[in-house]
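Please look over the chain below with its fold, its core and one of its pockets in mind. The briefing that follows takes these topics in turn.

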Amino acid sequence: MPIAAVPKYLGRNFQEASPGLRFTIFLPIWTERADQESEVKQRASAKSKEGQSLQQRLQTEAMNRVIEDLVSQRQLPGLWEKNDEGARSAWS
């Protein structure tokens, strides 16, 4: 789940915020760790060669290592990078 780049004390409900704040400061489009793990698990569940390869790697390596490799190969967004899925869901 993407997160808004705001302090935690502000919470996550921005229904009362002005549109300018909601769509510039509070727009939840930044990648967090749970997004990365979810993406890796989703890819590993695919019935493709990539999915099988990721399944094998997850059995022998820690999730952290797999994520680090995918981020370094630019196959996965890094922490606090723009998350296109989060942007699409926020605009809908």
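**Fold and overall figures**

Read along the sequence, the protein chain follows the pattern α-α-α-α-α, where helices (H or I, at least four residues) and strands (E, at least two) are DSSP runs numbered from the N terminus. This is a predicted model, in which local features need pLDDT of at least 70 and side-chain atom pairs count only at pLDDT 80 or more, while totals for chains, interfaces and linings use all residues. Residues are numbered from 1 along each chain as its sequence is written, and side-chain values use heavy atoms, with hydrogens and water left out.

- The protein chain has five helices and zero strands.
- Of its 92 residues, 30% count as buried, where buried means under 20% relative accessible area, exposed means over 50%, and partly exposed lies in between (1.4 Å probe, protein chains only).
- The protein chain exposes about 6500 Å², of which carbon and sulfur atoms supply 52%; accessible areas come from the Shrake-Rupley method with a 1.4 Å probe, and for residues only the protein chains shown count as cover.
- Among the contacts in the protein chain with a separation of 6 or more, 60% are accounted for by residues 24 or more positions apart, a contact being heavy atoms within 4.5 Å.

**The largest nonpolar core**

- Eight residues make up the largest nonpolar core, namely V40, A44, L54, M63, V66, I67, L70 and L76; such a core is a set of buried Ala, Val, Leu, Ile, Met, Phe, Trp, Tyr and Cys residues joined through side-chain atoms within 4.5 Å.
- Helices α2 and α4 (63-72) each supply at least two residues of this core, and the largest share, four residues, comes from α4.
- L70, found in helix α4, is buried because its relative accessible area is 3%.
- Not counting residues up to four places away in sequence, L70 touches V40, R43, L54, Q75 and L76; the C-alpha atoms of L70 and V40 are 8.9 Å apart in space, although the two are 30 residues apart in sequence.
- A44 has its place in helix α2 and counts as buried because its relative accessible area is 6%.
- The residues that A44 touches, not counting those up to four places away in sequence, are G51, L54, Q55 and L58, and A44 and Q56, 12 residues apart in sequence, are 8.8 Å apart from C-alpha to C-alpha.

- V66 is in contact with V40, L54, R57, L58 and E61, leaving aside its neighbours within four places in sequence.
- R57 lies in helix α3 (residues 49-60), and it counts as buried because its relative accessible area is 18%.
- Once its neighbours within four places in sequence are left aside, R57 is in contact with R65, V66 and D69.

**The loop between α4 and α5**

- Most residues other than glycine have a negative phi.
- R74, in the loop between α4 and α5, has a positive phi near 60° although it is a residue other than glycine; it counts as exposed because its relative accessibility is 62%.
- W80 is found in the loop between α4 and α5, and it has a positive phi of about 65° although it is not a glycine.
- W80 counts as partly exposed because its relative accessibility is 48%.

- Helices α2 (33-44) and α5 (84-91) each supply at least two residues of the lining of the second largest pocket, and α2 gives the most, with six residues.
- By class, the lining of this pocket has three nonpolar, six polar and six charged residues, with Ala, Val, Leu, Ile, Met, Phe, Trp, Tyr, Cys and Pro counted as nonpolar, Asp, Glu, Lys and Arg as charged, and the others, Gly among them, as polar.
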